[in-house]
Amino acid sequence: MEPGLVEAEFAEAPGALVQRRWVQAAAAVRFEHLVPVADFPVVPGRRWGPGWWWSATTGRHVMHGSQAMCMQLMVLDRDPQVVGLSARPVRLLWRDPGSGRALTWVPQVFARYADGRAVLADCPASAAPAAGRAVRAVSVLEAACEAVGFAYRRLVPPDAVMAANVRWLAGYRHPRHRDAGGLESAVIEAFAAPRPLMAGAAAAGEVLSALPVLYHALWSGRLAADLTRPLSEHTVVSPGCPDTDGNGDGTEQQGREYAR
């Protein structure tokens with residue numbers, strides 16, 4: 001499929017759809033600021049429905065349509081290189097070269113990076129290869145994104161331990177936890193050298209007051225830990241990146257691996 005033949009449809013405002021050539025839209029439109037071009041479906045009988053993720057990166061809510069997508073929003077939200085996130089901001093349209101049928105696909109996530117890179121992504125519930133309509137769409141999406149300097153990814157779900165750890169830390173992502181009780185400096189200083197999580201929390205002050213600050217620092221990247229193992233009182237916490245400002249945690253490379 002020639003990328004120049006792909007069209008983009010997006011909403012400049014709720015209900016106000018615009019259609020342009022994809023190569024033109026990709027150069028001019030800030031997809032990270034757009035509302036969803038299509039609602040997430042509500043599937044009868046499914047326990048999980050559409051919801052909202054409050055992003056520490058953007059300070060705004062991002063819609064999601066599944067547990068898998070919500071998890072990937074968490075991973076992207078923690079990556080210090082990610083500066084913009086949106087859900088289903090664009091529909092790509094093209095004609096199948098063989099049948100002439102009009103085909104469409106709406107990627108679930110758009111992420112903008114600090115260096116200008118952009119990723120359109122889908123969030124399957126498993127690492128299984130694409131099937132059905134997705135098989136036909138992947139090659140078109142990859143070529144269309146490559147033509148404009150974007151990338152298209154099917155984001156592989158993190159393993160259960162990493163997912164549980166990210167989910168736990170996400171509960172402390174809000175900036176109110178950064179210096180709760182005035183303990184930020186004490187918590188950071190407590191881990192100037194690597195030490196077990198609970199020992200450092202106790203050294204920083206009253207444990208129950210120090211832990212939210214500690215978890216926020218792990219979320220934001222000012223402290224680091226191995227999140228491939230279950231978080232516990234014995235988890236070794238180390239200094240992170242002092243210049244991070246709200247997302248990422250010193251293990252951001254692991255988050256980027258999921259986007260490849």
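In which strand is Glu 9 found? Glu 9 is found in strand 1, residues 7–13, where strands are DSSP runs of E with at least two residues and helices are runs of H or I with at least four, numbered from the N terminus.

Residues are numbered from 1 along each chain as its sequence is written. The model is predicted, so that local features need pLDDT of at least 70 and side-chain atom pairs count only at pLDDT 80 or more, while totals for chains, interfaces and linings use all residues, and side-chain values use heavy atoms, without hydrogens and water.

The protein chain averages a pLDDT (the predictor's confidence in each residue, from 0 to 100) of 90, and 92% of the residues score at least 70.

Glu 9 is buried (under 20% relative accessible area, with a 1.4 Å probe and protein chains only), its relative accessible area being 15%. Its side chain makes a polar contact (N or O atoms within 3.5 Å, one able to donate a hydrogen and the other to accept it) with the side chain of Arg 91, at 2.5 Å. Leaving aside residues up to four places away in sequence, Glu 9 touches (heavy atoms within 4.5 Å) residues including Leu 17, Val 37 and Pro 89.

Four strands form an open antiparallel sheet in the order 2-1-6-7, where pairing requires at least two DSSP bridges.

Strand 1 and strand 2 pair over six bridges in the antiparallel sense, and Ala 13 stands opposite Ala 16 in strand 2.

Technical notes. Buried < 20%, exposed > 50% of the residue type's maximum accessible area, 1.4 Å probe, protein only.
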